[in-house]
Amino acid sequence: MSKNESFPGDIKTTRPEEDGALKGDICARVPGQTNPSAAEEPARPGGERALVSDFKRRKLEKEAQKNWDLFYKRNTTNFFKDRHWTTREFEELKACREFESQRLVLLEAGCGVGNCIFPLLEEDLNMFVYACDFSPRAVEFVKQNPLYCPERCCAFQCDLTKDDMRENVPEGSVDVVTLIFVLSAIHPDKMKPALQNISRVLKPGGIVLFRDYGLHDHAMLRFKASSKLGDNFYVRQDGTRAYFFSKEFLAELFADTGLQSVSNDYVLRETVNKKEGLCVPRVFLQSKFTKPGQSQRS
């Protein structure tokens, strides 16, 4: 994840340089409704009036991997906090076993430096994790982690939009896929191929756990003019990109891939920067999708 993450009942502190609570932001209260589209129309981001040039858009797409590699070169393993909240948010990480001794197989698509997988491996000694990332540098950080063990984890570099996942993960072998603040970094035209790639290694009856930026999230509203790449799609100063999802777009995207919706809802939170005395509204989309068919677990 490239930003601060919060979960039900908590108010988290984010660093000033992260999306969310930035210098100059004004304290805002998270609305009570569950659908941002039902709220009073929020302020539009400055990029609404102008699009990045075609030349720059092509350049950003071509250099996407380089920009993420440079991100990890600058920040190493220090930018993100470990995600100790995933088992609270997604009970499937514990509950989807059919028997106590079953070894759960998980794929973390877009693993970064391992902030999600290592807390899971520490908490669940009966789990095997496949972990992939677009950035070769991020994958190396995963492999250098003292908790990395080839008997319990297989990390590899992968472009989800074009590299066949089955070269590293057996087809139909994965119980759970986590897509947490990952799909938003992919060009919208390439999201469907990425999901099709993931679906091939997911077992029938397996589940995809999704969390990412929702439409009208504070990070979206902060973008300036000339940052807009397309509908709900923006570029940051470091060249990395972010898409902001509506429930309808996400549901259609997964349905077109042949994955069925289990749940698909907005999550509204507040992020607080105690140092700056600021609080800002966050809008995430948290969803679960399943691959049709009977479970093949044994």
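1. A salt bridge is taken here as a side-chain nitrogen of Lys or Arg within 4 Å of a carboxyl oxygen of Asp or Glu. By that criterion, Arg 166 and Glu 171 are joined through their side chains, with an N to O distance of 3.6 Å. The model is a predicted one, in which local features need pLDDT of at least 70 and side-chain atom pairs count only at pLDDT 80 or more, while totals for chains, interfaces and linings use all residues. Residues are numbered from 1 along each chain as its sequence is written, and side-chain values use heavy atoms, with hydrogens and water left out.

2. Four salt bridges are found in a search of the whole structure. As to accessibility (buried is under 20% relative accessible area, exposed over 50%, partly exposed in between, with a 1.4 Å probe and protein chains only), Asp 164 is partly exposed at 27%. Arg 166 is likewise partly exposed at 35%, and Glu 171 is exposed at 55%.

3. A further salt bridge joins Lys 203 to Asp 175, whose closest N and O atoms are 3.1 Å apart. Lys 203 lies in strand 6 and Asp 175 in strand 5 (residues 174-180), so the pair ties together parts that are 28 residues apart in sequence. Helices (H or I, at least four residues) and strands (E, at least two) are DSSP runs numbered from the N terminus. Lys 203 is buried at 14% relative accessibility, and Asp 175 is buried at 1%.

4. Asp 212 belongs to strand 6 (residues 202-213). Asp 212 is buried but has no salt bridge, and the nearest side chain of opposite charge, that of Arg 236, is 7.3 Å away. The side chain of Asp 212 does make a polar contact of 2.7 Å with the side chain of Ser 184. Such a contact is a pair of N or O atoms within 3.5 Å; within protein, one must be able to donate a hydrogen and the other to accept it, and residues adjacent in sequence count only if both atoms are side-chain atoms.

5. Arg 241, in strand 9 (residues 241-243), is buried with a relative accessible area of 5%. Its contacts (heavy atoms within 4.5 Å), not counting residues up to four places away in sequence, include Glu 61, Ser 184, His 187, Leu 229 and Arg 236. Leu 229 is 12 residues from Arg 241 in sequence and 8.8 Å away from C-alpha to C-alpha.

6. In helix 6 (residues 136-144), the buried residues include Ala 138, Val 139, Phe 141 and Val 142. Viewed down the helix axis, the buried residues of helix 6 fall within an arc of 155 degrees, so they line one face of the helix. The arc is that of the directions from the helix axis to the C-beta atoms.

Notes:
Lys and Arg count as positive and Asp and Glu as negative; His and the chain ends are not counted.
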